[in-house]
Amino acid sequence: MSSKETIIRLVESKKDFFAKVSDDVWATPELGFLEFKSAKTLMDALEEQGFKVEKGLAGIETAFKGTWGSGKPVIAFLGEFDALPSLSQQASCNVKNPVEEGGNGHGCGHCNLGAGSMAAATALKEYMEANNLPGTVVYYGCPAEESGAGKTFMARDGVFDNDDIAITWHPGSTNNVWSVSSLANIVVFFHFRGVTAHAAAVPHLGRSALDAAELMNVGVNFLREHVIPEARMHYAFTDVGGGAPNVVQDRATVLYYIRAPKTEQVMDIYPRVVKCAEGAAHMTDTELTVEIKTALSDYIPNDVVSQTMSDVMVDLGPIEFSDEAKAFAAEMYKSLTDADIKSGIGSLKSYMSAEEAAKRVHEAIIPDVFPYKRQPVHMPGSTDVGDVSYVVPTAQLSAATAIIGTPGHSWQQTAQSKSILAHEGLTYAAKVMALTGLKFVENPDLVVKAREELNAETGGVYNCPLPKEIKPQP
Ligand SMILES: [Zn+2]
């Protein structure tokens, strides 16, 4: 039997086990840095599969790793498992129906992500064990991708420094290797403190923190014209100082995301946003405290690893979805709005003609593999895989676990994250990742090439955007 067939069999033989791991994590949806039950489910599974488990990485209770083997190369698989607020939803159900009103839900499929990456790590380990191949397989449990950027803290602490190749995936609606970068991002609270007063009787005695926050936002809205057009600045009030208009607000907090294609560009814009906040504090005679919550570097796809992964996918061919999965996809498709379908066509248009995309969107689940072609563009969001990609040559694939047009961070995604589609998609992703890892175990030259490419891109330097003193917070 070829190594390819053996790996496929190894993944297939444990697909029910890892589908259950995914479903168990789905059933305990927890927010960033609070994923205690989900982390335990994954650590127990790692132990059961023969990995040596260490927890509390980078001082984070829910960050952990499982290690097997010794020596080089070190092949790392990244897993995530955090959920999102307010996206609770019954599994495999095509009408909105929360398990718990207002509860958390796996609306980004990270339950699949953590289990799929572990399935890959396990298959590669078993293959290496059976064939006496030297090398180390590491699985990382990376918390808080959504809100806290756990991997940035882990990268800042040197957790990934010994790894040669990093492999990961994200549940999606197409099968392809990520060929674009993502935006760097700094996440910052601006806290204003003033003085409360009766807003009608003695307003002159009050100093409004809410005024300060509003003036800061006005300043930043003018600043937008004078930063690079690719930059994105968004804000949300996390504290408006109370709900009574007749009480001058003595406190207000606004949370900013400041994003741009490269970390250096974010770091150019950030002090200018701080100046807007300082100006607003001056104008209103209030006090300002600036608190960085987290930060994320841009993602650098490594061409050597990404191309290897893409070749594996092309060779493996499309996902052979079962009839049951196709029937479920057709049911889920009924939940999409016209706008969702239009956005599905939009994503398919990256791979086919507009005409074909408009036709194929109605198939709901797209099994095809779309080969890798590096594109000099960035996707509009951010991911903490970026920080890993500065330290280790990294590739990330998307595998279809949901129907095309599924809105990101939606109840439809939660519904599909525990479904036959998710199980079949994560099994496929595991095969791709395990086979990709094996290519690097078998070809030390490729490992060297991947590292050379990374060094050429970064000069071998990773400047973590997160200051040393910042601690992870939920
Ligand atoms: Zn996600």
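**Entry 1. Terms and model**

I note here that the model is predicted.

**Entry 2. The whole chain**

I counted the secondary structure of the chain and got 15 helices and twelve strands. Along the principal axes, the C-alpha atoms fill a box of roughly 85 × 50 × 45 Å. I then checked the radius of gyration: a compact globule of 474 residues would have one near 23 Å, and the chain has 23 Å, so the two agree. Of the 474 residues in the chain, 53% are buried. I also looked at contacts between residues at least 6 apart in sequence, and 82% of these join residues at least 24 apart.

**Entry 3. Domains**

I looked up the domain assignment, which gives domain 1 as 3-182 + 298-458 and domain 2 as 184-296. The contact between them takes eleven residues from domain 1 and nine residues from domain 2. I sorted the side of domain 1 that touches domain 2 by class, and found one nonpolar, seven polar and three charged residues. I also computed the distance between the C-alpha centres of domain 1 and domain 2, which is 36 Å.

**Entry 4. The eight-stranded sheet**

In which order do the eight strands of the open sheet lie? I read the order as β1-β2-β4-β3-β5-β12-β6-β11, with mixed pairing. The edges are β1 (52-55) and β11 (369-370), each of which pairs on one side only.

Strands β1 and β2 (residues 64-70) run antiparallel and are joined by four bridges. On its other pairing, β2 meets β4, again in the antiparallel sense, over seven bridges. Is β2 enclosed or open to the outside? Five of its seven residues are buried, so β2 is largely enclosed by the rest of the structure.

**Entry 5. Lys52**

Lys52 sits in strand β1. Is Lys52 buried or exposed? I counted 12 other C-beta atoms within 10 Å of Lys52. The cut-off for exposed is 12 or fewer, so Lys52 is exposed.

Across the strand pair, Lys52 stands opposite Thr67 in β2. Which residues does Lys52 contact, leaving aside its neighbours within four places in sequence? I found Gly66 and Thr67. I also took the C-alpha to C-alpha distance from Lys52 to Gly69, which is 9.5 Å in space for a separation of 17 residues in sequence.

I went through the pairs one by one. Strand β8 (residues 232-239) is joined to β9 by seven bridges, and the two run antiparallel. In that pair, Asp239 has Thr253 of β9 as its bridge partner. Strand β9 (residues 251-260) pairs with strand β7 (residues 184-193) over ten bridges, in the antiparallel sense. Here I noted Ala184, which stands opposite Ala260 in β9. Strand β7 is also joined to β10, by nine bridges, and these two run antiparallel. Val187 stands opposite Thr294 in β10.

Methods
Residues are numbered from 1 along each chain as its sequence is written. This is a predicted model: local features need pLDDT of at least 70, side-chain atom pairs count only at pLDDT 80 or more; totals for chains, interfaces and linings use all residues. Two strands pair if DSSP finds at least two bridges between them. Domain bounds come from an automatic or database domain assignment. Two residues are in contact if their C-beta atoms, placed from the backbone, lie within 7 Å. Ala, Val, Leu, Ile, Met, Phe, Trp, Tyr, Cys and Pro count as nonpolar, Asp, Glu, Lys and Arg as charged, and the others, Gly among them, as polar. A residue is buried if 20 or more other C-beta atoms lie within 10 Å of its own, exposed if 12 or fewer, and partly exposed in between; C-beta atoms are placed from the backbone. The radius of gyration is taken over C-alpha atoms; the globule rule is 2.2 Å times the number of residues to the power 0.38.
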